[in-house]
Protein chains: 2
Amino acid sequence: MSDTFVVVGGDAAGMSAASKAKRDDPDLEVVVFEKGEWVSYGACGLPYYVKGEIQSLEALVSVTPEEFREERDIDLRTGHEVVAIDPDEQTVTAEGDAGTATESYDSLLLATGAEAVEPPIDGIDREGVYTLGSMSDGKELREYVARARDGEGFQQPDRGPACRYLEDCTGPVAVVGGGYVGIEMAEALAANGFEVHLFQRGERLLKGFSEATSEAVAEHLHERDVAVHLGSEVRGFEGANAVEAVVTADERVDVEMALLGTGVRPRTELAEDAGVELGPTGAVATDPYRETSVDDVYAAGDCAEAIHTVTGEPAYVPLALTANRHGRAVGQTVAGRPAAGGAVAGTAAIKAFDVEAARTGVLDHDEARAAGFDPVGETIDAKSRAGYYPEGGTVTVTLTADRDTGRLLGASLVSEYGEGAVHRSHAVVAALEEGATVCDLENYDLAYAPPFNSTWDPVLVAAKVLSGKLR
Amino acid sequence: MSDTFVVVGGDAAGMSAASKAKRDDPDLEVVVFEKGEWVSYGACGLPYYVKGEIQSLEALVSVTPEEFREERDIDLRTGHEVVAIDPDEQTVTAEGDAGTATESYDSLLLATGAEAVEPPIDGIDREGVYTLGSMSDGKELREYVARARDGEGFQQPDRGPACRYLEDCTGPVAVVGGGYVGIEMAEALAANGFEVHLFQRGERLLKGFSEATSEAVAEHLHERDVAVHLGSEVRGFEGANAVEAVVTADERVDVEMALLGTGVRPRTELAEDAGVELGPTGAVATDPYRETSVDDVYAAGDCAEAIHTVTGEPAYVPLALTANRHGRAVGQTVAGRPAAGGAVAGTAAIKAFDVEAARTGVLDHDEARAAGFDPVGETIDAKSRAGYYPEGGTVTVTLTADRDTGRLLGASLVSEYGEGAVHRSHAVVAALEEGATVCDLENYDLAYAPPFNSTWDPVLVAAKVLSGKLR
């Protein structure tokens, strides 16, 4: 009798694992329990759906449930929530419309994902307060936008117009949180004519990026008429029934809607109930092969932690590529050919209107010191193309390195959209992955031609300058 | 008395060395002999000047002679050709308008650059046959273009129009050679309304790139009405006085002008006369610090060879970044802090109308085998942005690796212009520099967001597929 691989959760990590396992070992029985109706969807695309650049939720689905079932021969059970795991008996219990079922497993993957954090804000349950974690969240938000635009029907907005350019300016609305989701949603809402107020608890947006990047993005949001409120912790949503105002320590701003983009936390209840250990980050702890403290139980994706490329310590970085990569690695492992799937460098990218930015590694000096490094940083501006080339802009690059060893620790890059901050970050990510020094990076033979950079790519310019500082 | 550093040749390598040496050791006497009038110019920008996108030759100069003399305190002697080196006496002899002068050196850098290869073509000395190696070549070509456009004065052309879109279509003209210069000049000429015939001796353009890249570029040139003649070795230029036709084994094509883009060779006469050894590539041989076989005599830039990152063997890759990097390293070395400046990976990039491409490392399987590898290659097409994202195109990635070790050997990427083939190549260059394997690359935590890639960047997709093939 063939082995059974059971997967809990049908998004990136879960479906990557299921697909890879079945492809590598067609004899394996692969069962996936997904409590919702959507599987394998690109949650990262939701802001663009709300914005109106993507016309259907279905477009975000890379593989449909039918395709998983029929073409990939995966026993995918949507509408089934796993409510218990018995590691001794190696069974899971799932509840669905048709009742409760128990399934035995030889290997089990926990891919339960993450859920939106709901910060302690008075009135958070009022009508008109949204989050953006799931497909149904996206649907609700898009419907809200359509209604607010006077029921005129929802059309593709012009690219990036801000409130003042639209006759039917609506809102105001609040976005709480200045991370990826907050900023992408600020863009999505502003492009639809809303007056957008973005509230950020800390003193700068995108706190994982460099200060230079945060400032460039904030300045650009300001240019696009997004009101950025820094150092503004939201304490309450006021209103008779629905939200009517956002209240911080300093101000009260009338709004008709509020979107919470205040981060996520791992869904670990099921793992904890089964006796699976959590790590120092609060997410499920695993070994390099994603196996948890319980034999034959793996965890991958937004519910699990991973080892950080630079610090070598557990980190919780719930992003799509890691979920895909680690899910795929688990699939390969349970199919008989163990794969580790690598570490996480904390790399992330964002587009905000007409600016793009990326970050990777360890940038924060306190964090670097805590990991045993003596951090030195440098920020440079460089032309995105040859100085004489008729187009182009500026790329601002921040690099951080360890003073003693010269080892590269992290980077943050920002440029106009299309000027390559994000793709240029690839050079630094690779350098981090290989434990390279700033001097190594300085000598990389990166591609050059006038339409793409100056002879020294901005990344190399930053390495040259930082390298000089290390001596 | 302070030491004297003499530099022969005032372009990228020479001026980088002079500037760095003087900056690191202000007491050093730095003397640069340049036989022409231009120094530190971006020859890579000449096609864009001829095209009309850059309005003056001066725009290509990053630092003027006056700035070198006055701000950097470098004794720059333009119009001075070094005619002899005496390594025993440690002197150079230079001829200028004011006669012959002899200068002593403690350290000497040969940065004599490269010159256009003139292939054995009958009638190559006819009027109307151009090369594009120097600023004066660029000036002549731009004047030719202006004259051909009916003396209407030379204006900025529309971006990328091909012949059929212009009423005043002129030409036809020939471009001989399907490398960087040939293709960039085909674009420059076509954009100015010329009917362009591009002759390539071999069976594909850009022979250092992958076949997939060559084909994509050839197809795009065809779309832009450039007549690409492959397998067409030019044997003669016919004409009463000026060139009137190009003759190959198979055809005779009427043209009014011909541009030779048939590669360059190192200028080594001066080095050879001084007893400096050349390497197997025919360029000046150096140690990792760019010192030649003669004590205190260095060579860098387009006259010198360098060690190849992948093969570990001497290679001749005369490109701008290497010249800058190695020149700078020599400057640092002679100032007292030895710097090696790194190897060359053979990385190159090109824009051809609305297509961009990059290559790095060893792609050719015969070349890989000669270096002791067992090459395996794979080519994939991947979306440049998330599938559901409203914009984007395709990135075609070719990767080559060694079967036994999995070590990455080379890559070639091509995409629509702006879709990131060139900047994405940075990831592979870094991997090559660090001797990484395809499996390493597959697990890189590269930046992802829907406007920039699918969850797996095209480079990662290629690594995944090639990695599967290696097992």
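Trainee: Why is S21(A) called mostly covered?

Mentor: A residue counts as buried if 20 or more other C-beta atoms, placed from the backbone, lie within 10 Å of its own. Five of the five residues of S21(A) are buried, so the strand is mostly covered. The model is predicted: local features need pLDDT of at least 70, side-chain atom pairs count only at pLDDT 80 or more, and totals for chains, interfaces and linings use all residues. Residues are numbered from 1 along each chain as its sequence is written, and chains are lettered from A and ligands numbered from 1 in the order in which they are written.

Trainee: Which residues point each way from S21(A)?

Mentor: A:Ala348, A:Ile350 and A:Ala352 point one way, A:Ala349 and A:Lys351 the other, and all are buried. In a regular strand the side chains alternate between the two faces of the sheet.

Trainee: How do you know that S21(A) and S22(A) pair?

Mentor: Pairing requires that DSSP finds at least two bridges between two strands. S21(A) and S22(A) have five bridges, in the antiparallel sense, and therefore pair. A:Glu356 in S22(A) is the bridge partner of A:Lys351.

Trainee: What makes the two copies related as by a two-fold rotation axis?

Mentor: Superposition is by least squares on the C-alpha atoms of residues with pLDDT of at least 70 in both copies. A rotation of 180° with 0.0 Å of shift along its axis superposes chain A on chain B (RMSD 0.0 Å). The two copies are thus related as by a two-fold rotation axis. The C-alpha of A:Ala427 lies 2.4 Å from the rotation axis.

Terms used: A residue is buried if 20 or more other C-beta atoms lie within 10 Å of its own, exposed if 12 or fewer, and partly exposed in between; C-beta atoms are placed from the backbone. Helices (H or I, at least four residues) and strands (E, at least two) are DSSP runs, numbered from the N terminus.
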